[in-house]
Amino acid sequence: MDLTKSESSILEILLNAEVPLSKSAIIEHSPRNKCWKDGSIHILLNSLLEKGAIYEAGFIRTGKGFGRTFAPTEKGRSYFSNLLMNITQKAEPYKIFSQLICEDIFTDEELDALEQLIKSRK
């Protein structure tokens, strides 16, 4: 699945959210340097829907009407890991993650979560 920079930014926002988000909530959660207009975010969301990266999770009340909420699909959830694996096809995943751990980019909480994930996988 190929995504534009804007589409991957929106997908990342949805992945970081713990609940489905509306169009306006996505704009609120976007980085300060991104300011999507209503029309452009509508196009981006529809494109992500067509690509199967997100789905309509439901509706919420927005003013006098209702707005759709969006959440990532399993395909959307695996987008960034697939992207990493495609970039590093010649490198072994173990070497990549061991280097990331050695560079001390993970918090203690993230390391604990990774440790639990590894234990559950064994």
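This is a predicted model: local features need pLDDT of at least 70, side-chain atom pairs count only at pLDDT 80 or more; totals for chains, interfaces and linings use all residues.
Strand 2 and strand 3 (residues 65-72) run antiparallel and are joined by eight bridges. Phenylalanine 59 has arginine 68, in strand 3, as its bridge partner.

**Nonpolar core**

The largest nonpolar core contains 17 residues. Ile10, Leu14, Ile26, Trp36, Leu45 and Ile54 have the most contacts inside this core. Helix 1 (5-16), helix 2 (23-29) and helix 3 (38-51) are the elements that give two or more residues to the core.

Apart from neighbours within four places in sequence, isoleucine 10 is in contact with Ile26, Trp36, Ile41, Leu44, Leu45 and Leu48.

**Serine 47**

Serine 47 is located in helix 3. Serine 47 counts as buried because its relative accessibility is 18%, and the cut-off for buried is under 20%. The side chain of serine 47 makes a polar contact of 2.4 Å with the side chain of glutamate 7.

**Isoleucine 96**

Isoleucine 96 belongs to helix 6 (residues 93-102). With a relative accessible area of 15%, isoleucine 96 is also buried. Leucine 84 is twelve residues away from isoleucine 96 along the chain, and the C-alpha atoms of the two are separated by 9.7 Å.

Notes: Residues are numbered from 1 along each chain as its sequence is written. Side-chain values use heavy atoms; hydrogens and water are left out. A nonpolar core is a set of buried Ala, Val, Leu, Ile, Met, Phe, Trp, Tyr and Cys residues joined through side-chain atoms within 4.5 Å. Buried means under 20% relative accessible area, exposed over 50%, partly exposed in between (1.4 Å probe, protein chains only). Helices (H or I, at least four residues) and strands (E, at least two) are DSSP runs, numbered from the N terminus. Contact means heavy atoms within 4.5 Å. A polar contact is a pair of N or O atoms within 3.5 Å; within protein, one must be able to donate a hydrogen and the other to accept it, and residues adjacent in sequence count only if both atoms are side-chain atoms. Two strands pair if DSSP finds at least two bridges between them.
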